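User: I am new to reading protein structures, and I would like to go through one slowly with you. Could we take the features one at a time, with the general idea before the case?

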Amino acid sequence: MATQPAPRPAVQHCYGVLLHHRLAWWLVEFPKLDAAPVRARKLSGRLTPALADWLRSETGDAGLPAEVTALHPDSRCWSGEFSCVRAAGSVDLYDIDAHPWGSDAGELELRLARTMIDATIRPLPSGFTSVFFDLPSENQPVLAIRLSGYSCATFELMTARYMPTYRPRSPWRDISNDAVSDSGSDILGWREAADWIGPV
């Protein structure tokens, strides 16, 4: 009796940033250059057998490991075109299946990719607006939320301002006008709080 071959997993193609963040490899999908990311996929850290075989053939290194690090040695972050498939036996991890080209990720891409990963790991509590959905009025103090760097808390709240005109590379500033990323993670969301943090 003939048996049907197992169906090949659906391949997902995208432009994105591949980076190591929060102790794991991630592929963050962007619809196009200079746009906000749309999703983050956690990776298994492995290449599919087909991509690993191709890479060994191209490099002439038969012992090259079938791992993400083999794609861009000595780098923990880069952008490019990628294809991925769901990892065998996993419901939430992906293997890289193709990577036709790559380059260094830009500063903005890296910041947005890290923020998307943090938002994927810990969805925002109710009442906060995601920075990927909307942004506050410029220079208006808001109650901002980000992942905490301490083991005793999941989130950290702070008063912050969004200032893209004056600080396009690092628009989220604390009240003393320092970049919020100087003291921790990037801002994930915000909410109005003018009733108690308005100017006097």
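Analyst: Let us begin with burial, where a residue counts as buried under 20% relative accessible area, exposed over 50% and partly exposed in between, using a 1.4 Å probe and protein chains only. Thr115 has a relative accessible area of 5%, so this residue is buried. This is a predicted model, in which local features need pLDDT of at least 70 and side-chain atom pairs count only at pLDDT 80 or more, while totals for chains, interfaces and linings use all residues. Residues are numbered from 1 along each chain as its sequence is written, and side-chain values use heavy atoms, with hydrogens and water left out.

User: Where is Thr115 placed, and which residues does Thr115 touch?

Analyst: Helices (H or I, at least four residues) and strands (E, at least two) are DSSP runs numbered from the N terminus, and Thr115 lies in helix α2, which covers residues 107-121. Contact means heavy atoms within 4.5 Å; not counting residues up to four places away in sequence, Thr115 touches Val131, Phe132, Asp186, Ile187 and Leu188.

User: How many disulfides does a search of the whole structure find?

Analyst: A disulfide is a covalent bond between the sulfur atoms of two cysteines, and the test here is a pair of cysteine sulfur atoms within 2.5 Å. The search of the whole structure finds zero. For Cys14 the closest cysteine sulfur is in Cys84, and because the two sulfurs are 6.0 Å apart, they are too far for a bond. Cys14 is buried, with a relative accessible area of 6%, and Cys84 is buried too, at 0%.

User: Which residues have the most contacts inside the largest nonpolar core?

Analyst: In soluble globular proteins, nonpolar side chains tend to be buried together. A nonpolar core is a set of buried Ala, Val, Leu, Ile, Met, Phe, Trp, Tyr and Cys residues joined through side-chain atoms within 4.5 Å. The largest one has 18 residues, and Leu18, Leu27, Leu43, Leu47, Val68 and Ile96 have the most contacts inside it. At least two residues of this core come from each of β1 (12-21), β2 (24-30), β3 (39-47), α1 (49-59), β4 (77-86) and β5 (94-103).

User: In what order do the five strands close into a barrel?

Analyst: Strands of a sheet pair through backbone hydrogen bonds, either parallel or antiparallel, and two strands pair if DSSP finds at least two bridges between them. Here the barrel order is β1-β2-β3-β5-β4, with mixed pairing. Between β1 and β2 the pairing is antiparallel, over seven bridges, and Tyr15 stands opposite Phe30 in β2.
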